[in-house]
Amino acid sequence: GMSQSQLARKVGMQPSHLNHFLRGRGDIRASRLILLMKEMGIDLVECLSQHEPAIKGTTETEWTTWPE
């Protein structure tokens with residue numbers, strides 16, 4: 001497997017920043033999240049399509065909040 005440090009370096013992040021994000025204590029840009037997902041083998045479209053829109057009548061691209 002890959003360590004957090006290795007993953008962070010592959011996507012151009014400091015390991016401590018990735019650790020804070022993964023623990024829910026920090027934010028990252030959407031573009032960085034997409035890179036992380038690609039490195040981890042997670043398909044963004046498939047991931048989003050598994051959730052209902054947060055507000056009825058909207059599409060996934062129009063979400064204002066994430067579903068729980």
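Analyst: Of the 68 residues in the protein chain, 13% count as buried, where buried means under 20% relative accessible area, exposed over 50% and partly exposed in between, with a 1.4 Å probe and protein chains only. This is a predicted model, in which local features need pLDDT of at least 70 and side-chain atom pairs count only at pLDDT 80 or more, while totals for chains, interfaces and linings use all residues. Residues are numbered from 1 along each chain as its sequence is written, and side-chain values use heavy atoms, leaving out hydrogens and water.

The protein chain has four helices and zero strands, in the order α-α-α-α from the N terminus; helices (H or I, at least four residues) and strands (E, at least two) are DSSP runs, numbered from the N terminus.

Gln-4 counts as partly exposed because its relative accessibility is 37%. Leaving aside neighbours within four places in sequence, Gln-4 is in contact (heavy atoms within 4.5 Å) with Leu-18, Asn-19 and Leu-22. With one of these, Asn-19, the side chain of Gln-4 also makes a polar contact of 3.1 Å. A polar contact is a pair of N or O atoms within 3.5 Å; within protein, one must be able to donate a hydrogen and the other to accept it, and residues adjacent in sequence count only if both atoms are side-chain atoms. Ser-16 is twelve residues from Gln-4 in sequence, and the C-alpha to C-alpha distance between them is 9.0 Å.
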